[in-house]
Amino acid sequence: MSKTIKVKNPATGELIQEVTRHTVEEINRALENGQKGFEKWAKVNAHERSRLLKAWSQKIQENKEEIAKVMTMENGKPLQESIGEVNYATSYIDWYAEEAVRIYGRTIPASSETKRITVSRQPIGQVAAITPWNFPAAMMTRKAAPALAAGCSFIVKAAEETPLTTMTLVELAYEAGIPKDAIQYVNGRGSVVGQLFTDSPFVRKITFTGSTPIGKALIKGSADTVKHVTMELGGHAPLIIAEDADLDYAVGQTIISKYRNAGQTCVCVNRILVHENVVDAFAEKFTAAVNKLKVGNGLEAGTDVGPIINEKGYDKIVAQVNDAIEKGAEVLTGNKYEADKEQGYFFVYPTVLKNVDASMDIMQEETFGPIAPITSFKTLEEAVEIANNTPYGLAAYFFTNDYRTGTYLHDHLDFGIIGWNDGAPSAAHAPFGGMKESGLGREGGTEGIEPYLETKYLSVGNLLN
Ligand code: SIN
C-alpha cells in the first residue's frame, strides 16, 4: 500500500496534497499515547477543559476562510457552504465547552440512616472516531467536543478523500493549548484503521459517521472488547407534502434539504411524497426552482451544487437514475452529467423524477446525490406506510399547517429527526441520530455528552447517625 494518500479536488481531479498514510506501528503508538493522554486529561479541571475548548473554537473561527477554502477543495462543496460548515463545527465546540461544567452526579435517598448513596460520572476513556468526507469539520467536532468536554482523550481517522480539514482542526486544537496526547489524528484506509481501533485495549469507545454496512462491521468488531459505540449511519429520508401545505415555502425548504452538499448528506430528502391533489403543482414549482441552481466548482462564486465526491458515488447515482427511467419514471429536469473518469471529476446536474414507485432502486436505497424523486399518495396512512417502508430511520420531513395532520405524522413516522415545515433541523443543541439501521445513540444536545460518560454508583455504609 502506498505510503501517502493523494488528496484530490473532486471538481477538477487535480492533486491538492499528499499526506502520510500512518503505519500499523504508528497507529498503535498513537493509541498508546492516547491512553496516557486520557489519564492526564481526565484530571484536568472541567472549567479548564471548558476554557481550552472555547480557545479551540476561537482559533478555528480566526482561520475560518482558509479552512473553508481547503474544505471546498477537498470535498467540492460551494465555498459558502464550507463557511457555514465551519460555523456549524464550532457551534458543537461552543455547546460542549458549556456542557463540560455541567456534568452532574446525584445523591439518592438510602433505605437506612447509616447509608449514603451517590452517583458520579466519569469519562469513559480514549475515544476513537471515524469521520466521513461529506462534513469533514462538523462531524469531527460533533464527536471531539463532547469527548474532550467529558474528559476523554480523542483520536480521529478522517475519510481518505478529506483528511486536510481534520488535520488543520487538530493542529488548531494544539495551538489553543489542548495537549497533544488528548487529541490526535491518524490517516489510513478505513478497514485497516477501523480494525486497529476496535481491537485496541486502549480504546473504550468507537464513534462513527458513515455507511450502515461499515457501521455494522465496527459494531461487530467492538464486541470482543465490549466497547461503547455511537453510530450515525445511512438515511433514506422521506419528505411528505400534505394537501394543505404552503407549496412555495415547501419548495424552498425541499431545495435546502435536497441540494445541500450536492445531496450528499445522510439527512437529505431522498423520497418526496406529495398528496395527489397537489403533486402536479408542487412538481412544477419545484422543477422551476431546481432549474435556477448553478452547477460548478465550489470555489467559483454563485455555485449552488458542486461535484460528486468520487467515481463510486457517481456510478451509483447514474445507475439509480437509469433504473428509474427504465421502469417508467418521467424526467422533469436534469439527467445530465459532466464527468471525466480519467481526469477524476464527476458532476451530476440536479435532476427531478416524477412517477417513481417502490419497484425502483431510488425508492429503496440511499442516493447520496442531487436527484429528487417525486411520488404521490392519497391518504396520510399511505404516506406513512411508504415513508416507514425502509430499514433506515434517520430523518423525515413533512409540510402541513394543520396541527392534526402534523401531530399524526410526527407520532407515526419512525425516524430520529423530524422536520415539520423545516428542511434544515440539524443543530449543535439538539440530538442528532437515527432509529433502526440508521444508527445507535445521539450526537448533539444534552444527549450528546452522555455516551462519553460512565456512571459510578457509591454506597457508603456504617455511617454515624
Ligand atoms: C450527515 O449528513 O451525516 C450530517 C448532516 C448534518 O449534520 O446535518
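**Contacts, domains and pockets of the predicted model**

In the predicted model, Ile418 touches Ala396, Phe398, His410 and Leu413 when residues up to four places away in sequence are left out of the count. Ile418 belongs to strand S19, which covers residues 417-420, and with a relative accessible area of 25% it is partly exposed. Its separation from Ala11 amounts to 407 residues along the sequence, whereas the C-alpha atoms of Ile418 and Ala11 are 32 Å apart in space.

The domain assignment divides the chain into domain 1, made up of 4-233 + 438-459, and domain 2, which spans 237-427. Taken over C-alpha atoms, the centres of domain 1 and domain 2 are separated by 30 Å, and the contact between them takes 26 residues from domain 1 and 30 residues from domain 2.

The largest pocket has a volume of about 1,500 Å³. Its lining comprises 47 residues, of which Trp133, Glu161, Ile309, Asn310 and Lys312 are the closest to its centre. Because domain 1 and domain 2 both give residues to this lining, the largest pocket lies between them. At least two lining residues are supplied by each of strand S1 (4-8), helix H7 (190-199), strand S8 (203-209), helix H8 (212-223) and helix H11 (311-326). In terms of residue class, the lining of the largest pocket is made up of 16 nonpolar, 18 polar and 13 charged residues.

The second largest pocket, with a volume of about 430 Å³, is lined by 27 residues, and those nearest its centre are Gln80, Glu81, Ile256, Tyr259 and Arg260. Helix H4 (79-99) and helix H9 (247-259) are the elements that give two or more residues to the lining of this second largest pocket.

One cavity of 30 Å³ or more is present in the structure, and the volume of the largest cavity is about 110 Å³. Of the 16 residues that line the largest cavity, Phe135, Met139, Arg142, Cys266 and Phe432 are the closest to its centre. Its lining consists of nine nonpolar, four polar and three charged residues, and at least three of the lining residues are drawn from each of domain 1 and domain 2.

The structure holds nine aromatic pairs. One of these pairs is formed by Tyr259 and Phe286 and is stacked, with a distance of 6.4 Å centre to centre and an angle of 25 degrees between the planes. This pair links distant parts of the chain, in that Tyr259 lies in helix H9 and Phe286 in helix H10 (residues 279-290), 27 residues apart. Both partners fall under the 20% limit for burial, as Tyr259 is buried with a relative accessible area of 3% and Phe286 is buried with a relative accessible area of 0%. A further aromatic pair, that of Tyr314 and Phe346, is tilted, with 5.3 Å centre to centre and 40 degrees between the planes. Tyr314 is placed in helix H11 and Phe346 in strand S14 (residues 345-348), so this pair ties together parts that are 32 residues apart in sequence. Tyr314 and Phe346 are both buried.

Positive phi values in residues other than glycine are found at Val226, where phi is near 45 degrees, and at Lys436, where phi is near 50 degrees. Val226 is located in the loop between H8 and strand S9 (228-232), and at 61% relative accessibility Val226 counts as exposed. Lys436, by contrast, has its place in strand S20 (residues 435-436) and is partly exposed, with a relative accessible area of 41%.

Key
Residues numbered from 1 in each chain as written. Predicted model: local features only at pLDDT ≥ 70, side-chain atom pairs only at ≥ 80, totals over all residues. Heavy atoms only, no water. 1 Å grid on protein atoms, 1.4 Å probe; cavity = no way out; pocket = protein on both sides within 12 Å on 5 of 7 lines; lining within 4 Å. Points joined across faces, edges and corners; volume = space filled by probe spheres on them. Helix = DSSP H or I, 4+ residues; strand = E, 2+ residues; numbered from the N terminus. Nonpolar A, V, L, I, M, F, W, Y, C, P; charged D, E, K, R; others polar. Domains from an automatic or database assignment. Buried < 20%, exposed > 50% of the residue type's maximum accessible area, 1.4 Å probe, protein only. Contact = heavy atoms within 4.5 Å. Phe/Tyr/Trp six-rings, centres within 6.5 Å; stacked < 30°, edge-to-face > 60°.
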